Amino acid sequence: MEDESTETRNQARIKILELANMISVPMSLNAVVRLGVPDAIWQSGSNSPLSASQILTRLLPSSSAADPDNLQRLLRMLTSYGVFSEHLDCCSGDRKYSLTDVGKTLVTDADGLSYATYVLQHHQDELMRAWPLVHEAVVDPTTEPFVKANGEPAYDYYGKKPEMNGLMQKAMSGVSVPFMKAILDGYDGFEGVKRLVDVGGSAGDCLRMILHKFPNVQEGINFDLPEVVARAPRIPGVKHVGGDMFKSIPKADAIFMKSATETLFLVSGSGLRLCSYAPGNEAHFSVLALVDFPVLCSQSEALLVNDLKNFSADLLPF
Ligand SMILES: C[S@@+](CC[C@H](N)C(=O)[O-])C[C@H]1O[C@@H](n2cnc3c(N)ncnc32)[C@H](O)[C@@H]1O
């Protein structure tokens, strides 16, 4: 056995303890979002450093029971992960907190969107029940952890629960609108496309933004599960079509997929080509745009980046 007192062994023990307690990080994040802390600090852009007590005064003005010490523990935890900045008042010793650039992604914008809903969506009870079963996906990969925990696949389950469906759509809008702004700033691959289908398009935000930037796209088809498109808002130039992408996909000149790609595509040649779904339609799709989180790293390389290393969203229990 190695010498337990070496610096390397000490560092390894510290690291594994940190990993073992890592759940405190997303749970703290979820807690501050549920409490509404980012919006309370932001207050129309002031982002002035506030103590935990001052934040609570804004959040729960009439509560005498609310505990600033516990809130401060959450704030300090998330400060160490770059969500807040801590400011120490040298006279009073008070600690105050403002939002970092990371924290600002949680602030509700003029359209009512932010990444906060994505945080909430990823910590719903149903998903949380599935996480402790992830090891079973190794032992028996035939049933997803989500199914084991909740009795049916995630999207079937969401489809029956309007509030979860709504949360999912809002979460995706909050993530996808700023994401698409970044993509469309530097991507011209939709030129020449007249009819475009977004597979798994949720509320249709991506198509709306693509059509706005590329008037040559005369018809956008937002294709998603029937329960999802039933809630989608009317968007000029966009037709919402309900269906199952594993059965068929509406015909178009090009298809677009974002964050819905797990099993559908494989990388081939210089682009990403439709693999085995859309039965009967394979030859029809000549242009493909497939985007996922790593695109943010480099827009010019976007459509070939496929390295999810160290990216936690690559692992979900469904
Ligand atoms: C993570 S969301 C991505 C939404 C959107 N593309 C975006 O990036 O904002 C995945 C989407 O795929 C849809 N989806 C899942 N299974 C599907 C299926 N079998 N057929 C059609 N759409 C499906 C979901 O309803 C959901 O809207």
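Where is N47 found? The points below answer this and describe the surrounding architecture.

1. Basis of the note. This is a predicted model, in which local features need pLDDT of at least 70 and side-chain atom pairs count only at pLDDT 80 or more, while totals for chains, interfaces and linings use all residues. Residues are numbered from 1 along each chain as its sequence is written.

2. Overall content. The protein chain has 14 helices and nine strands; these are DSSP runs numbered from the N terminus, helices being H or I with at least four residues and strands E with at least two. Of the 318 residues in the protein chain, 29% are buried. A residue is buried if 20 or more other C-beta atoms lie within 10 Å of its own, exposed if 12 or fewer, and partly exposed in between, with C-beta atoms placed from the backbone. Among contacts with a separation of 6 or more, 56% join residues 24 or more positions apart; a contact requires C-beta atoms, placed from the backbone, within 7 Å.

3. Residue N47. N47 lies in the loop between α3 (37-42) and α4. Its phi is positive, about 50 degrees, although N47 is not a glycine. N47 counts as partly exposed because it has 17 C-beta neighbours inside 10 Å.

4. Helices α4 and α5. The axes of α4 (residues 52-59) and α5 (residues 68-79) come within 9 Å and cross at roughly 110 degrees, which makes α4 roughly perpendicular to α5. Axes are lines fitted to C-alpha atoms, for helices over the stretch in contact, and angles run from 0 to 180 degrees between N-to-C directions. Angles under 35 degrees count as roughly parallel, over 145 as roughly antiparallel, 65 to 115 as roughly perpendicular and the rest as oblique. A52, S53, I55 and L56 of α4 meet P68, L71, Q72 and L75 of α5. The residues of this contact comprise six nonpolar, two polar and no charged. Here Ala, Val, Leu, Ile, Met, Phe, Trp, Tyr, Cys and Pro count as nonpolar, Asp, Glu, Lys and Arg as charged, and the others, Gly among them, as polar.

5. Helices α2 and α5. The axes of α2 (residues 24-35) and α5 also come within 9 Å, crossing at roughly 120 degrees; the two helices are therefore oblique to each other. On the α2 side the contact is made by S24, V25, S28, L29, A31 and V32, and on the α5 side by L74, M77 and L78. Seven of these residues are nonpolar, two are polar and none is charged.

6. Helix α13. In α13 (residues 205-213), the buried residues are D205, C206, L207, R208, I210 and L211. They pack against α12 (162-186) and against the strands β3 (195-199), β4 (219-224), β5 (238-242) and β6 (254-258).

7. S202 is situated in the loop between β3 and α13, and has a positive phi of about 55 degrees although it is not a glycine. S202 counts as buried because it has 26 C-beta neighbours inside 10 Å.

8. Residue A254. A254 belongs to strand β6 and, with 20 C-beta neighbours inside 10 Å, counts as buried.

Conventions
Two residues are in contact if their C-beta atoms, placed from the backbone, lie within 7 Å.
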